[in-house]
There are 2 protein chains.
Amino acid sequence: MVTFRVEVRYLPGVEDPEALTVRRNLKILGYNSVSDVKMARIYDLIFENEKDALIQVEKLARDLLSNPVINSYTITKTGE
Amino acid sequence: MVTFRVEVRYLPGVEDPEALTVRRNLKILGYNSVSDVKMARIYDLIFENEKDALIQVEKLARDLLSNPVINSYTITKTGE
(Lines give C-alpha, C1' and ligand atoms only; values in the text may rest on other atoms or scores of the structure.)
Protein backbone atom coordinates (compact mmCIF):
# COMPACT_ATOMS: atom_id res chain seq x y z
CA MET A 1 0.00 0.00 0.00
CA VAL A 2 1.15 3.54 -0.69
CA THR A 3 -0.56 6.84 0.12
CA PHE A 4 -0.33 10.02 -1.91
CA ARG A 5 -1.59 13.30 -0.36
CA VAL A 6 -3.11 15.89 -2.71
CA GLU A 7 -3.49 19.32 -1.09
CA VAL A 8 -5.81 21.64 -3.04
CA ARG A 9 -5.81 25.41 -2.35
CA TYR A 10 -7.35 28.51 -3.90
CA LEU A 11 -4.97 30.52 -6.08
CA PRO A 12 -3.80 33.86 -4.59
CA GLY A 13 -6.35 36.56 -5.40
CA VAL A 14 -9.24 34.09 -5.73
CA GLU A 15 -11.76 34.58 -2.89
CA ASP A 16 -12.42 31.39 -0.89
CA PRO A 17 -16.12 31.54 0.13
CA GLU A 18 -15.72 29.06 2.98
CA ALA A 19 -12.71 30.88 4.46
CA LEU A 20 -14.60 34.16 4.08
CA THR A 21 -17.48 32.73 6.12
CA VAL A 22 -15.14 31.48 8.84
CA ARG A 23 -13.39 34.87 8.95
CA ARG A 24 -16.74 36.69 9.32
CA ASN A 25 -17.90 34.34 12.07
CA LEU A 26 -14.66 34.86 13.97
CA LYS A 27 -15.20 38.63 13.93
CA ILE A 28 -18.82 38.19 15.12
CA LEU A 29 -17.61 35.89 17.92
CA GLY A 30 -15.01 38.49 18.94
CA TYR A 31 -11.82 36.76 17.76
CA ASN A 32 -10.36 40.03 16.45
CA SER A 33 -6.71 38.98 16.67
CA VAL A 34 -7.20 36.55 13.74
CA SER A 35 -6.07 38.66 10.79
CA ASP A 36 -6.75 36.07 8.04
CA VAL A 37 -8.05 32.55 7.42
CA LYS A 38 -6.92 30.34 4.54
CA MET A 39 -8.30 26.91 3.80
CA ALA A 40 -7.22 23.81 1.89
CA ARG A 41 -8.69 20.40 1.13
CA ILE A 42 -6.60 17.29 1.59
CA TYR A 43 -7.21 14.04 -0.31
CA ASP A 44 -5.27 10.99 0.86
CA LEU A 45 -5.36 8.50 -2.03
CA ILE A 46 -4.40 4.97 -0.94
CA PHE A 47 -3.13 2.68 -3.71
CA GLU A 48 -2.75 -1.10 -3.51
CA ASN A 49 0.62 -0.93 -5.25
CA GLU A 50 2.94 1.85 -6.34
CA LYS A 51 3.18 0.82 -9.99
CA ASP A 52 2.11 3.90 -12.07
CA ALA A 53 0.27 5.32 -9.02
CA LEU A 54 2.01 8.73 -9.32
CA ILE A 55 0.91 9.12 -12.95
CA GLN A 56 -2.69 8.41 -11.92
CA VAL A 57 -2.50 10.79 -8.95
CA GLU A 58 -1.25 13.63 -11.16
CA LYS A 59 -4.06 13.01 -13.63
CA LEU A 60 -6.66 12.83 -10.83
CA ALA A 61 -5.37 15.96 -9.10
CA ARG A 62 -5.46 17.92 -12.37
CA ASP A 63 -8.72 16.60 -13.85
CA LEU A 64 -10.97 15.62 -10.91
CA LEU A 65 -9.84 17.04 -7.57
CA SER A 66 -9.01 20.61 -8.59
CA ASN A 67 -10.10 23.32 -11.01
CA PRO A 68 -7.01 24.82 -12.72
CA VAL A 69 -8.80 28.18 -13.11
CA ILE A 70 -9.12 28.77 -9.33
CA ASN A 71 -7.01 26.09 -7.63
CA SER A 72 -3.41 25.05 -7.19
CA TYR A 73 -2.39 21.66 -5.80
CA THR A 74 0.61 19.84 -4.40
CA ILE A 75 1.23 16.08 -4.33
CA THR A 76 3.29 14.37 -1.64
CA LYS A 77 3.92 10.71 -0.93
CA THR A 78 3.05 10.26 2.72
CA GLY A 79 3.65 6.66 3.62
CA GLU A 80 4.05 2.97 2.79
CA MET B 1 2.41 37.36 12.42
CA VAL B 2 2.07 33.70 13.30
CA THR B 3 0.11 30.93 11.56
CA PHE B 4 -1.54 27.97 13.23
CA ARG B 5 -2.76 25.06 11.06
CA VAL B 6 -5.86 23.19 12.20
CA GLU B 7 -6.37 19.87 10.36
CA VAL B 8 -9.88 18.44 10.82
CA ARG B 9 -10.58 14.78 9.93
CA TYR B 10 -13.44 12.35 10.35
CA LEU B 11 -13.04 9.92 13.25
CA PRO B 12 -12.27 6.29 12.25
CA GLY B 13 -15.53 4.46 11.55
CA VAL B 14 -17.42 7.66 10.67
CA GLU B 15 -18.33 7.70 6.95
CA ASP B 16 -17.05 10.78 5.10
CA PRO B 17 -19.71 11.58 2.45
CA GLU B 18 -17.33 13.65 0.30
CA ALA B 19 -14.62 10.96 0.31
CA LEU B 20 -17.29 8.36 -0.49
CA THR B 21 -18.35 10.39 -3.53
CA VAL B 22 -14.74 10.74 -4.73
CA ARG B 23 -14.16 6.99 -4.24
CA ARG B 24 -17.31 6.13 -6.27
CA ASN B 25 -16.33 8.51 -9.07
CA LEU B 26 -12.85 6.99 -9.25
CA LYS B 27 -14.36 3.53 -9.73
CA ILE B 28 -16.71 4.87 -12.46
CA LEU B 29 -13.74 6.54 -14.19
CA GLY B 30 -11.80 3.26 -14.05
CA TYR B 31 -9.22 4.13 -11.37
CA ASN B 32 -9.53 0.67 -9.77
CA SER B 33 -6.09 0.65 -8.15
CA VAL B 34 -7.19 3.33 -5.65
CA SER B 35 -8.24 1.22 -2.67
CA ASP B 36 -9.38 4.07 -0.39
CA VAL B 37 -9.79 7.86 -0.21
CA LYS B 38 -9.60 9.88 3.02
CA MET B 39 -10.15 13.60 3.26
CA ALA B 40 -9.31 16.41 5.66
CA ARG B 41 -9.96 20.13 5.87
CA ILE B 42 -7.13 22.50 6.68
CA TYR B 43 -7.66 25.91 8.29
CA ASP B 44 -4.63 28.21 8.41
CA LEU B 45 -5.39 30.84 11.07
CA ILE B 46 -3.09 33.87 10.82
CA PHE B 47 -2.70 35.92 14.01
CA GLU B 48 -1.24 39.41 14.29
CA ASN B 49 0.70 38.44 17.42
CA GLU B 50 1.38 35.21 19.25
CA LYS B 51 0.10 36.37 22.65
CA ASP B 52 -2.65 33.88 23.74
CA ALA B 53 -3.09 32.82 20.08
CA LEU B 54 -2.72 29.10 20.92
CA ILE B 55 -5.48 29.29 23.56
CA GLN B 56 -7.80 30.90 21.01
CA VAL B 57 -6.88 28.34 18.32
CA GLU B 58 -7.67 25.43 20.66
CA LYS B 59 -11.03 26.98 21.54
CA LEU B 60 -11.82 27.66 17.86
CA ALA B 61 -10.79 24.19 16.73
CA ARG B 62 -12.94 22.56 19.42
CA ASP B 63 -16.02 24.84 19.28
CA LEU B 64 -16.25 26.20 15.72
CA LEU B 65 -14.11 24.28 13.22
CA SER B 66 -14.89 20.69 14.23
CA ASN B 67 -17.68 18.56 15.67
CA PRO B 68 -16.33 16.40 18.51
CA VAL B 69 -18.92 13.70 17.78
CA ILE B 70 -17.57 12.97 14.26
CA ASN B 71 -14.26 14.83 13.95
CA SER B 72 -10.76 14.79 15.35
CA TYR B 73 -8.31 17.66 14.84
CA THR B 74 -4.63 18.48 15.16
CA ILE B 75 -3.06 21.90 15.66
CA THR B 76 0.42 22.78 14.40
CA LYS B 77 2.28 26.06 14.32
CA THR B 78 3.41 26.45 10.73
CA GLY B 79 5.34 29.67 10.48
CA GLU B 80 6.24 33.18 11.64
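**Entry 1. The strand pairing between chains**

I began with A:Ile42 and looked up its bridge partner in S2(B), which is B:Ala40. The model is a predicted one, and I read each entry below with that in mind. I then followed the two strands as a whole. Strand S2 of chain A, residues 34–47, is joined to S2(B) by 13 bridges, and the two strands run antiparallel.

**Entry 2. The interface of chain B and chain A**

I next asked how many residues each chain brings to the contact. Chain A gives 31 residues and chain B gives 31 residues. The buried area between the chains comes to about 2800 Å², and carbon and sulfur atoms account for 57% of that area.

I turned to the polar side of the interface. Between chain B and chain A I noted 14 residue pairs in polar contact, with both residues at pLDDT 80 or more. I then asked which elements of chain B supply at least two residues each to the side that touches chain A. They are strand S1 (2–10), helix H1 (17–28), strand S2 (34–47) and helix H2 (53–65). S2(B) provides the largest share of that side, with 14 residues. By residue class, the side of chain B that touches chain A divides into 17 nonpolar, 10 charged and 4 polar residues.

**Entry 3. Salt bridges across the interface**

I counted 4 salt bridges between chain B and chain A. For one named pair, I looked up B:Arg5 and A:Glu7, whose side chains meet in a salt bridge at 3.8 Å, N to O. I also recorded a network of salt bridges that links A:Arg5, A:Asp44, B:Glu7 and B:Arg9.

**Entry 4. Strand S1 of chain B**

I examined the surroundings of S1(B). Of its 9 residues, 7 are buried, so the strand is largely enclosed by the rest of the structure. I found S1(B) paired with S2(B) in the antiparallel sense, over 8 bridges. In this context I noted B:Phe4, which stands opposite B:Leu45 in S2(B).

**Entry 5. Other salt bridges**

Over all chains, I recorded 22 salt bridges in the structure. One that I looked up in chain B joins B:Lys59 to B:Asp63, with the closest N and O atoms 3.4 Å apart. Both residues lie in helix H2 of chain B, 4 residues apart, about one turn of the helix. B:Lys59 counts as partly exposed, at 39% relative accessibility. B:Asp63 also counts as partly exposed, at 47% relative accessibility.

A:Lys51 is exposed, with a relative accessible area of 63%.

I stayed with A:Asp52 and turned to its backbone. Most residues other than glycine have a negative phi. A:Asp52 has a positive phi, near 45°, in a residue other than glycine. Where does A:Asp52 lie? I placed A:Asp52 in the loop between S2 and helix H2 (53–65) of chain A. A:Asp52 is partly exposed, with a relative accessible area of 37%.

I then looked up B:Asp52. Its phi is positive, about 45°, although B:Asp52 is not a glycine. B:Asp52 lies in the loop between S2 and H2 of chain B. With a relative accessible area of 35%, B:Asp52 is partly exposed.

**Entry 6. A buried asparagine in chain A**

My last entry concerns A:Asn71, which I placed in strand S3 of chain A, residues 71–79. Why does A:Asn71 count as buried? Its relative accessible area is 10%, and the cut-off for buried is under 20%. I then asked what surrounds this residue. A polar atom of the side chain of A:Asn71 lies 3.2 Å from the backbone oxygen of A:Arg9. Leaving aside neighbours within four places in sequence, I found A:Asn71 in contact with A:Val8, A:Arg9, A:Tyr10, A:Leu11 and A:Ser66.

Note on methods: Residues numbered from 1 in each chain as written. Chains lettered and ligands numbered in written order. Predicted model: local features only at pLDDT ≥ 70, side-chain atom pairs only at ≥ 80, totals over all residues. Heavy atoms only, no water. Contact = heavy atoms within 4.5 Å. Buried area = accessible area lost by both parts, 1.4 Å probe. Polar contact = N/O pair within 3.5 Å; in protein donor to acceptor, adjacent residues only side chain to side chain. Nonpolar A, V, L, I, M, F, W, Y, C, P; charged D, E, K, R; others polar. Pairing = 2+ DSSP bridges. Buried < 20%, exposed > 50% of the residue type's maximum accessible area, 1.4 Å probe, protein only.
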